[in-house]
There are 2 protein chains.
Amino acid sequence: MSLILALDFGGTKLAAATVNIGAREWLSYERRLSPANADANTDLEIMRSLIHSVLQDSKPTAIGVSFGGPVDATTGCVLLSHHVAGWENLPLKQLLEAEFGVPAYVDNDANVAALGEHHFGAGQGYDSLFYITISTGVGGGWILNHQPWRGSGGMAGEIGHIVVDPNGPVCLCGKRGCVERLASGPYMAQNARELLASDRTRGKILQNLVEDNLELLTGQLISQAAAAGDDLAQEIIQKSAWALGVGIGNVANLVNPQLFILGGSVTKAGNRWWEIVRQLARETALPEVEFQILPAALGDDAPLWGAVALTQVNGQ
Amino acid sequence: MSLILALDFGGTKLAAATVNIGAREWLSYERRLSPANADANTDLEIMRSLIHSVLQDSKPTAIGVSFGGPVDATTGCVLLSHHVAGWENLPLKQLLEAEFGVPAYVDNDANVAALGEHHFGAGQGYDSLFYITISTGVGGGWILNHQPWRGSGGMAGEIGHIVVDPNGPVCLCGKRGCVERLASGPYMAQNARELLASDRTRGKILQNLVEDNLELLTGQLISQAAAAGDDLAQEIIQKSAWALGVGIGNVANLVNPQLFILGGSVTKAGNRWWEIVRQLARETALPEVEFQILPAALGDDAPLWGAVALTQVNGQ
């Protein structure tokens, strides 16, 4: 029986699991929060203890790794982490192969999650799909012709930074009206703060949820307030869904994949958010361009299942 | 020696040529304007006479076809022509194979031109590229991993109908601020007409070029007036280049191809147009996303050379 070891370096959390090839349930599974002020070494130490715990005395035949940041998937070298220091140019594949004596495959979390959904989740049986995570950031991963498409420099999938409103608010990347600037959780919270800064007569339900402390606003609380009928929260949800829907319609026209899969915390914003995303995507795509939009099926385990798929795609 | 027959059904013109495999010059070449009020039958009759003329008594080993409209490349069946009646669901591949007894391959002009530039033009040696034609319309064709990517429904490449300005003017497709609505030749002329309708004190050079008959305005005359210093023409050129540049930057973020190739009449709008396209594409793409933008190398013969490449890709 072939045993796969799957690892998820998630930025704020770490997870390891084992599975027999062909099985759909974990043999063993461990997950830990990454400590505040973690660096690459502390994360690697914690991961080693998780690995020890899930492997016990068994030996895997391959290791698949999802990393929350840019990776050169060809060399398996991490380029950097936006959350944790010390990952710059760390040869993670090489390090794991030396330590465990089996092949290791490393890719970034969006590409890995796309692969996971394609092999084990909402994308099973589809030739081509675009997986989008809408959470702290907005990013995506491609499957074209059943294979990952990473782009010529490994940078494909950055739907978060396509411009949908050139007169919109300024994004961290310097441009105006990026999808991420309008659709991500933290930016939804920021937009609410800015609207409330000039007018406290609106958004009463939302203000009550944070007891008038606007610093406590999150995307999740905005969804909650919108569901309870808060006008300002609904406006922000609407804008988030509008931006993502236009982005998806543009992608459909450009690349014409069969399926879009949406995951990440913002996708829990409720039915109205989904309705607007679907409506705007349909209106933005040409009538002849057909596609489906489905919620991700693997939830928090998408990177780990994707890591399993990564060993199968590359190990063939 | 293997002889390839290449055909171009261009909407307003028809061309046929022959070439020996591996050669870079046509053995024979014929081109004819499609008559006004042509239908599919008259176009096919003219093409038959062109074929007869270029083949003489020789027999090709394969036929490659570029068609100016949507095609099911798998079956080689034309879906329709936007310019010429009677092409609906015409099985062009089957018809040619029955008539000439050799394999025929049919695809739409944007995909075929992308393939032509990749095999014989500006895209030689690149793994991945996006070919964009900016002319009467704006459309594109993909090469990914050295192969055409047509999309799951054959609709990939529609950069003309991605939205870059949601508050922009209304496009024929019903949306506002599509790339095509701002960047194509006929829409540039329409934009000039609308600006002049409300203010005839601007655009004096442009108005002189058409002797004040605004119906005679074309994208080409706007380029000419802009080069001569016309303020209004320069504003329209600027907006065209802005829209295309933002579109290209968005595509770079999404798919990360190595190269963009630009062809079509609007690309002759002058250095300023190219500068703005390049600048906006660079500003819109993330700093880590690298790409080049080059002019098409094959000019009017791109569809024919692409048709040759089509027989090689499919005939392998």
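This is a predicted model: local features need pLDDT of at least 70, side-chain atom pairs count only at pLDDT 80 or more; totals for chains, interfaces and linings use all residues.
**View 1. Chain A as a whole.**
Chain A is built from 10 helices and 12 strands. Its radius of gyration is 20 Å, close to the 20 Å that the globule rule gives for 316 residues, so chain A is as compact as a globular protein of that length. The C-alpha trace spans about 60 × 50 × 35 Å along its principal axes. Of the 316 residues in chain A, 57% are buried. The accessible surface of the chain is about 12,900 Å², and carbon and sulfur atoms account for 50% of that.

**View 2. How chains A and B are related.**
Through which surface do the copies meet? They meet through the same surface, because 100% of the interface residues of chain B are also interface residues in chain A.

**View 3. Aromatic rings in chain A.**
Over all chains, the structure holds 20 aromatic pairs. One of them joins A:W273 and A:W274, with 5.6 Å centre to centre and 80 degrees between the planes, an edge-to-face arrangement. Are these two residues buried or exposed? A:W273 is buried, at 0% relative accessibility, and A:W274 is buried too, at 11%. Chain A also has an aromatic cluster formed by A:W26, A:Y29, A:F120 and A:W305.

**View 4. A lysine over a tryptophan ring.**
Here the view turns to a charge and a ring. In chain A, the charged end of A:K239 sits over the ring of A:W242, at 4.6 Å from the ring centre. In chain B, the charged end of B:K239 sits over the ring of B:W242, again 4.6 Å from its centre.

A:R200 is found in the loop that runs between α5 (185-198) and α6 (204-209) of chain A. With a relative accessible area of 36%, A:R200 is partly exposed. Leaving aside residues up to four places away in sequence, A:R200 touches A:Q207, A:D212 and A:L214. A:D212 is 12 residues from A:R200 in sequence, and their C-alpha atoms are 9.6 Å apart. Now switch to chain B, where B:Q207 lies in helix α6 (residues 204-209). B:Q207 is buried, at 3% relative accessibility. Beyond residues up to four places away in sequence, B:Q207 touches B:L196, B:R200, B:R202 and B:D212.

**View 5. Two loop residues with positive phi.**
A:H146 is not a glycine, yet it has a positive phi of about 65 degrees. A:H146 is placed in the loop between β9 (138-144) and β10 (147-149) of chain A, and it is partly exposed at 36% relative accessibility. B:N256 likewise is not a glycine and has a positive phi, of about 55 degrees. B:N256 lies in the loop between α8 (231-255) and β11 (259-263) of chain B. Is B:N256 buried or exposed? At 1% relative accessibility, B:N256 is buried, because the cut-off for that class is under 20%.

Notes
Residues are numbered from 1 along each chain as its sequence is written. Chains are lettered from A and ligands numbered from 1 in the order in which they are written. Side-chain values use heavy atoms; hydrogens and water are left out. Contact means heavy atoms within 4.5 Å. Rings of Phe, Tyr and Trp (its six-membered ring) pair if their centres lie within 6.5 Å; planes under 30 degrees apart count as stacked, over 60 as edge-to-face and the rest as tilted. Buried means under 20% relative accessible area, exposed over 50%, partly exposed in between (1.4 Å probe, protein chains only). A charge sits over a ring if NZ of Lys or CZ of Arg is within 6 Å of the ring centre and within 35 degrees of the ring normal. Helices (H or I, at least four residues) and strands (E, at least two) are DSSP runs, numbered from the N terminus. The radius of gyration is taken over C-alpha atoms; the globule rule is 2.2 Å times the number of residues to the power 0.38. Accessible areas come from the Shrake-Rupley method with a 1.4 Å probe; for residues, only the protein chains shown count as cover.
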